[in-house]
Amino acid sequence: MPTVEEVVEGKDYNFPAEEEAILRFWKENNTFEEQLKRSEGRPEYVFYDGPPFATGLPHYGHILAGTIKDVVTRFACSTGHHVSRRFGWDCHGLPVEHEIDKKLGITGKGDVLKLGIDKYNEECRSIVMRYSKEWEKTISRTGRWIDFENDYKTLDPKFMESVWWVFKTLWEKDLVYKGFKVMPYSTACNTPLSNFEAGLDYRDVSDPAVMVSFPIVGCNLGASLVAWTTTPWTLPANLALCVNPNFNYAYVKNPAGKVFVVADARLGSIPGATVKQKGNQNTILTEGWEVLKKVIGSEMKDIRYEPMFTFFTELMRDTAFKVCCDDYVTGDSGTGVVHQAPAYGEDDYRICISNGIIIKGGLLPDPVDVNGCFILPVTVPFSGKHVKTADKDIISAIKDKGRLIDNSRIVHSYPYCWRSHTPLIYKAVASYFVKVDIIKSKLVKNNEKTHWVPSYVKEKRFRNWLENAHDWAISRNRYWGTPIPVWCSPDGEEIRVIGSIAELQAATGTKISDIHRHLIDHLEIPSCRGPEYPPLKRVEDVFDCWFESGSMPYAQHHYPFENKTIFERDVFPADFIAEGLDQTRGWFYTLMVLSTALFDRPAFRNLVCNGLVLAADGKKMSKSLKNYPDPNEVLNQYGADALRLYLINSPVVRAEPLRFKETGVFSVLKDIFLPWYNAYRFFIQNVRRVEETSGHHFNPFILDQKAVNILDRWIASATSSLVTFVKTEMCAYRLYTVVPRLVSFIGQLTNIYVRYSRSRLKGKFGEIESRNALATLFEVLLVLCKTMAPFTPFFVEKLYQNLRHCLPDQGDMEPSIHFCKFPEAAEQAHDARVEASVNRIQTVIELGRHIRERNSRPLKTPLKRMTVAHVDGRVEIFFFDLSGELQSYVFEELNVRQLNVCADPMQYATIKAEPNYGVLGKRLGKAMGPVSKAIKDMSQDDILKFQKTGLLNLMEHSLAAEDIIIKHEFRIPQGCSKVDIDAELGEDGIIVVIELGVDQLLVDAGSAREFVSRVQKMRKSCGLRTSDEVSIFYELSETVDSVTQASFARMLLKEQSYFQESIGCVPQPTKMKPDRAEVILSETCSLADGAQVNITLTCPVNLQDMGAPLS
């Protein structure tokens, strides 16, 4: 019985179907669970999984990040670690609420209160895991091993309790306060968004752009300050104007006698004020306009003006409606005067606080409700209208007041709510804040302790974000989330922060099993000031879901209520996390802030940051646009391994964007997996052949050590180098260097080793040579499978399950390749010389093929002579190998009859020197011209001398090898013409010269090669194995002329030994075929020389049965 199971042809191998079979194998054998069990007791490798929402289906971004996580954690397990992998779910927040709002037609807070927060929250709970089974199915189908049974959910009471502990700890450290912050605000969802969320959906929109006047109080010129804004709806809450203290401002009078004050550099922004000119010429006023005076911006500080509207005049008269100064005012747009509405602008709020117009934590005029509609004191016709809708009415009112200077529109990029797809506004909201500003230096310091791939994301993007971080608003006035555990007295004098369920139970005397809003909002805590004081009630806010995800390192373990010792000793910080580039302002940031605030250390040691996966057209993937293929369809069409390798062998693992193309996945299947499978198939088929013909089982460890083939030594050395490289790079998390090297090695295995060794593997040189080659190929395939196991888990499992049968102690072998240790490099196999020689021989063969193609010399036509020269004479070892063990491969691949080596490239080339402008230009400056000319004028002797020494003194400048580029150009030897000879120069200095002339002997040899090729194709089409013997008969067509007949007969006679060696017999005329011969296949074909011949394959026929053989 054969040791290994039979395999199908590459064209019949169904990658997706075989992966499904492997999934069943893993499930039936609990392979993942068994791997975890077997690795218990090993050093723990800690991985944190960022929680996605289960309210939507997984997309390519999730698959990409999941693949990176799976590759790294599989590698960690194979290198001697235990790796717990728990899936996490983000169950709270706006994404869930938005789905319920759509379902129930909720438009605002009133609708929620009418329904009841209890019913609303239970509706949210009912859908949070809506697509969890689809997630599990898709993630498992991609080959990712992760624990869905022991997952964590942010809605679990234990998780929420740890979030409370995080908050209370921050409170006790005086790192939390309540205040106002101007934030991106969704009026459709009635909630503020983080800056990260606000950046998810920017659109080009057309908005009003108006210039309005603010008369200066007590100005003897009757002047008005002119401000420009694209948000007219903010003008009812205007409290100040701001100018740049360093700009010049002009008082300019128009022909009608009105005086406007604008930045001198922005006079051209006032309609009709200046003559239009090209370029940056001096401003010329239009006739009738006149500059009355100029002042510095700082001179206008505290000038008072008349407000546009009087809604807050009485309330704010003492502090507001004056000019402030700040450098944030720019001179590249607008008028150089910016109106300030502190409730709707971050800079506005900052400037009004610093100038005493409003007090931090005090009264803030904000006439806009949670739905984005005007409320009192704003009156009709604006009240009740959404602010964006009210723009027209406000502009009309300004015009009626005679204070509208210009009314136009501007197209600009504007943020939209990523859930409701409605325009955001910026609005001051009351929130609890984490004091990030005072720990910024610690954040930067802890960031330095982490390792990021790619490093520039850490050193630039993330560091810049940390250095400019502001206090973090962590609360939302919503319903479905972890409640802020703050109980407050009605007068605000007594505040109690709760840090655990037990503490709340003790404070309220109530048994508690769940701490969502609707289950604890009614609980009151008695005042510690006495029974005469009203009890404390919980504030309405819930945590922003980013606070929850940032707390996951602690909350997933219910720290500090459980697992305290294990957590502090083993599972914090994480060894590894990975997510997309967008998380630099999301999860990566919140992890770093909370771990720094709590423990003054980073939450992770290593981080892999991937780029974004875009549609093929470069746009964001969109369900509505249907501009990308369904992930499940791609998995079913090409398989998970092909998708995994396509994603991680792309710029996206260097944090660059990837334009997803389905054709790219197909190319991976065709160019990598199919050749790899065919190398495996070829091995299996020949193992079965050897066992069948010899009657002995194949043992890969019984080798003939007397003679080791150079290609065996080369592939063993290359395999050892590969293992060393992959382990080094994976330990540094550089997946972007690992996968290209793996892909390159698979190409070397299939295109060099298997291709060049086909004859040995098939037994052409005897059983011992065949077994030696098969043993080498077995070891390479096994090591390659173990090395690739983290990357292509399905395919390597399939191969391993058959390969392991070759091992004498297969019963003791690991039942899954994913239980195997990562291979150790075979140092004794490393041979740098052989690797260099084979790499060069591959270059020689590629150059030879180019010469043949350029001169229309097909490979089937033998050529007489080839010469290999090298521009560096110090390549004796390569020449020795080329003339010895490697020579036969050149003959076979390039079909040349003679191979010469030449240590003097000047026989076939001329050389010239050129300056390396990129290197020399910066260094030499003005001297570059003369030096450049001198380099180009160097003689051949000078160039050759420089080539040997690598040093040159030229015009008082010392030049090294990298300063001068040496170029070789082919020179046709004397006595030859361009038709007779051609050459190709390689990048590494190799010169290949081939004589192109063809004589009759070469023509005959080419015809014989073509005939053999036809026979081999016929054998393959009828499914014959290498060991199957046949007899071959031929018959020329009656239309073939006598000259061709004679040529064909001569070819058959002269190439008998070649036919015997290649196809096992000498073809005979059809008339000699016995009548009883069993025909296998008969075909008629045309040969290159024009002969039409019928070729017939039969079961073996004895020569005596045919009569006289060909002679």
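Residues are numbered from 1 along each chain as its sequence is written, and side-chain values use heavy atoms, leaving out hydrogens and water. Because the model is predicted, local features need pLDDT of at least 70 and side-chain atom pairs count only at pLDDT 80 or more, while totals for chains, interfaces and linings use all residues.

**Domains**

The chain is divided into domain 1 (209-413), domain 2 (658-824), domain 3 (839-908 + 973-995), domain 4 (909-970) and domain 5 (1000-1098). These bounds come from an automatic or database domain assignment. The C-alpha centres of domain 1 and domain 2 lie 73 Å apart.

**Cores**

A nonpolar core is a set of buried Ala, Val, Leu, Ile, Met, Phe, Trp, Tyr and Cys residues joined through side-chain atoms within 4.5 Å. Buried means under 20% relative accessible area, exposed over 50%, and partly exposed in between (1.4 Å probe, protein chains only).

The largest nonpolar core has 150 residues. W676, F683, F791 and M866 have the most contacts inside it. Helix α23 (residues 662-694) gives the most to this core, with 14 residues. Helices (H or I, at least four residues) are DSSP runs, numbered from the N terminus. Domain 2 and domain 3 both give residues to this core, so it lies between them.

What does W676 touch, not counting residues up to four places away in sequence? W676 touches I746, T750, L781, L784, M788, T792, F795, V796 and L799. Contact means heavy atoms within 4.5 Å.

**Two helix contacts**

Helix α28 (residues 793-803) packs with α23. Helix α1 (residues 15-28) also comes up to α28. Axes are lines fitted to C-alpha atoms over the stretch in contact, and angles run from 0 to 180 degrees between N-to-C directions.

| Pair | Angle | Axis distance |
|---|---|---|
| α23 and α28 | about 5° | 12 Å apart |
| α1 and α28 | roughly 75° | within 9 Å |

α23 and α28 are therefore roughly parallel (under 35 degrees). Their contact includes F673, W676 and Y677 of α23 and F795, V796 and L799 of α28. By class, it has ten nonpolar, one polar and no charged residues.

α1 is roughly perpendicular (65 to 115 degrees) to α28. Among the residues in this contact are E18, E19 and W26 of α1 and E797 and K798 of α28. The contact divides into eight nonpolar, one polar and four charged residues. Here Ala, Val, Leu, Ile, Met, Phe, Trp, Tyr, Cys and Pro count as nonpolar, Asp, Glu, Lys and Arg as charged, and the others, Gly among them, as polar.

How values were computed: Angles under 35 degrees count as roughly parallel, over 145 as roughly antiparallel, 65 to 115 as roughly perpendicular and the rest as oblique.
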